[in-house]
Structure formats: C-alpha cells, structure tokens
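Here are a few notes to go with the model, jotted down as numbered points. Have it open while you read.

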Amino acid sequence: MRSLLALLLTLATTIPAHPEDFRVAVVRVSDIYKTLDSTKTTQAHIESERTALNHDARMERMNQMKTEIDTIQTQLNDRANPLDNAVKQQLVRTLELKRGEFMALQKDYEAFCAERNKQISGKMVKAMRKSLELITTTARKLGKEQGYDCVWEISGDTNTGLPLLLYHKSANDLTDDVLLALGGKPAAKPTGTKTPKP
C-alpha cells in the first residue's frame, strides 16, 4: 500500500500545471510477451526438454522392471497354479532384489529430474527476463519518441488482484507499436472490454 501511495505521489508531482498537456500511454506487456516468436520458440524448447525426461533410459528401465515385478507378484499370488516351495522362495528373493533395484533407480531418477527441472526453469526465467527487458526498453523508447510523459504497464495486477490503472484511452495504447517495433504482429485486444469514449 505504501509503495502505491509513493507512486501516486511521485506521479502527482510530475503532472504539469496544465493537466491537458500531460500525455499518458499504456502498454500490455503480457500480451506482447505471449505474441513474440521468441517466446513461442522458448516455450516449445522448454516443453521438449521436459518431455525428454519421460524418455530417459532410467525411466524406460523402471517401466520394464515394474512389469517384471508385477509378473513375479502375479505368479506368487496365483492360487490356481501353486508353486513348488523352492521355486517360490527363489521368486521371493528375486522379487526383493528387483524391488530394491527399482527403488534405488527411482531415487536416482527423481534426483536427476529435480536437478534437470531446476536447470530448465532457470533457462526459462533467463529467457523471460531478456524478453521483458527488450519489451520495456522498446516501450520507453517509443513513449519518449511519441512525446508521452509516462507509459504504464496495464497487463499486470496489484497485490489486491486489481489493475493499477483502472481507466485509459485506447488511443494511447502503445502495445501494437511495441510489437511492430520488435518484428511481431498486433496483439489481440483483451476480450470483454469496450472502447472508452473520450
């Protein structure tokens, strides 16, 4: 709450003596980020890396061992075809060994996945920050070139779940300008909103 009051006080001190001369623009950073080809490429790459975890050799070996364990368990539980005592004891020992091997492999695989997912998430965050920095830098540049006094980001919400800026003129939306400057296509306007009258 204090940060919001500080922001409003700062804004109030920057408004010129003639409010009609104060020009405000807005930009939907989230819409731009989702639309960029670099974002789609990064997301596809991240998804591919996460999917690859399910095809790791350890996972395939665990699936194979699970089938073997189930088969042995079925043999031991089959009352219609009782086993010789010696055979049964051998199967029980084999079952215990396979279960132990399975649990060790599962532990190793889970540790590998945790570390790999950490690395993948790190890549995603790094790529996201790079894109957001490019978007904000471009928005600042365009805002300055077009003579705006300030540019607000309106796709994010405050800690109350409400947007920080409750009203703005659509004519002052720089979202498409930023997208075009970054080589993208105009973003789809938010659904369920009406163009405010001046």
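1. Start with what α3 packs against: its buried residues meet α2 (29–35), α4 (57–77) and α5 (85–145). Bear in mind that this is a predicted model.

2. Which residues of α3 are buried? They are Thr39, Ile46, Glu49 and Leu53. Looking down the axis of α3, you'll find these buried residues within an arc of 95°, so they line one face of the helix. The general rule behind such a face is that an α-helix has 3.6 residues a turn, so residues three or four places apart point the same way. Over on the other side of α3, Asp37 and Thr41 are exposed.

3. The length of α3 also checks out. The helix covers residues 37–53, which makes 17 residues, and at 1.5 Å a residue it should span 24 Å. The C-alpha atoms at its ends are 25 Å apart, which agrees.

4. Have a look at Glu49, which belongs to helix α3. Is Glu49 buried or exposed? Its relative accessible area is 12%, and buried means under 20%, so Glu49 counts as buried. Setting aside neighbours within four places in sequence, Glu49 is in contact with Arg116, Ile120 and Lys123.

5. Now the rings. How many aromatic pairs does the structure hold? The count is 0. Two arginines do sit over rings, though: the charged end of Arg23 is over the ring of Tyr148, 4.2 Å from its centre, and the charged end of Arg58 is over the ring of Phe112, 4.1 Å from its centre.

6. Zooming out, the protein has 6 helices and 2 strands. Following the sequence, the pattern reads α-β-α-α-α-α-β-α.

7. On burial and surface: of the protein's 198 residues, 23% count as buried. The protein exposes about 14,100 Å², with carbon and sulfur atoms supplying 57% of that area.

8. Last, the contacts across the sequence. Take the contacts between residues at least 6 apart in sequence: 77% of them join residues at least 24 apart. For a local example to look at on screen, go back to Glu49 of α3 and its contacts, among them Arg116 and Lys123.

Conventions
Residues numbered from 1 in each chain as written. Predicted model: local features only at pLDDT ≥ 70, side-chain atom pairs only at ≥ 80, totals over all residues. Heavy atoms only, no water. Helix = DSSP H or I, 4+ residues; strand = E, 2+ residues; numbered from the N terminus. Buried < 20%, exposed > 50% of the residue type's maximum accessible area, 1.4 Å probe, protein only. Contact = heavy atoms within 4.5 Å. Areas by Shrake-Rupley, 256 points an atom, 1.4 Å probe, with all protein chains shown as cover. Expected span 1.5 Å × (residues − 1). Arc of directions from axis to C-beta. Phe/Tyr/Trp six-rings, centres within 6.5 Å; stacked < 30°, edge-to-face > 60°. Lys NZ or Arg CZ within 6 Å of the ring centre and 35° of its normal.
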